[in-house]
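Here are my notes for anyone opening this one for the first time. Have a look at the model, then go through the points below.

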Amino acid sequence: MEKTTVEKLREHCQGILKRHEGSDGGRDWAFGAVCFAYSADLITREEFKALLEEFELVPSGAVL
């Protein structure tokens, strides 16, 4: 079974954050990857919001 785009993106973000543990640089790269996927219509708005919240890339309570 082939992985969906969201699953691949989730793994990619997890890898970025693991490589950049202890610095905010990883969050910037993960945020960029999620935003790129959304702007390229590779993920839906709901998936976009879920990924941002999952990786704590936006402040809690932020309006998306």
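1. Let's start with H3, where Phe 48, Leu 51 and Leu 52 are buried (buried means under 20% relative accessible area, exposed over 50%, partly exposed in between, with a 1.4 Å probe and protein chains only). These residues sit on the same side of H3, because they cover an arc of only 100° around the axis (the arc is that of the directions from the helix axis to the C-beta atoms). Glu 46 and Glu 53, on the other side of H3, are exposed.

2. A word on the ground rules. This is a predicted model, so local features need pLDDT of at least 70 and side-chain atom pairs count only at pLDDT 80 or more, while totals for chains, interfaces and linings use all residues. Numbering starts from 1 along each chain as its sequence is written, and side-chain values use heavy atoms, with hydrogens and water left out.

3. What do the buried residues of H3 pack against? They pack against H1 and H2, where contact means heavy atoms within 4.5 Å.

4. H1 tells a similar kind of story. Its buried residues are Val 6, Leu 9, Cys 13 and Ile 16. They lie on the same side of H1, since their arc is only 85° around the axis. In general, an α-helix has 3.6 residues a turn, so residues three or four places apart point the same way. Lys 18 and Arg 19 are exposed on the other side of H1, and the cover over its buried residues includes helix H2 (25-39) and helix H3 (45-54).

5. Now the middle. The largest nonpolar core has 14 residues, and Leu 9, Cys 13, Val 34, Ile 43, Leu 51 and Leu 57 have the most contacts inside it. H1, H2 and H3 are the elements that give two or more residues to this core. (A nonpolar core is a set of buried Ala, Val, Leu, Ile, Met, Phe, Trp, Tyr and Cys residues joined through side-chain atoms within 4.5 Å.) Beyond its neighbours within four places in sequence, Leu 57 touches Arg 27, Ala 30, Phe 31, Val 34 and Leu 52.

6. Finally, the whole chain: it has three helices and zero strands (DSSP runs numbered from the N terminus, helices being H or I of at least four residues and strands E of at least two). Of its 64 residues, 23% count as buried.
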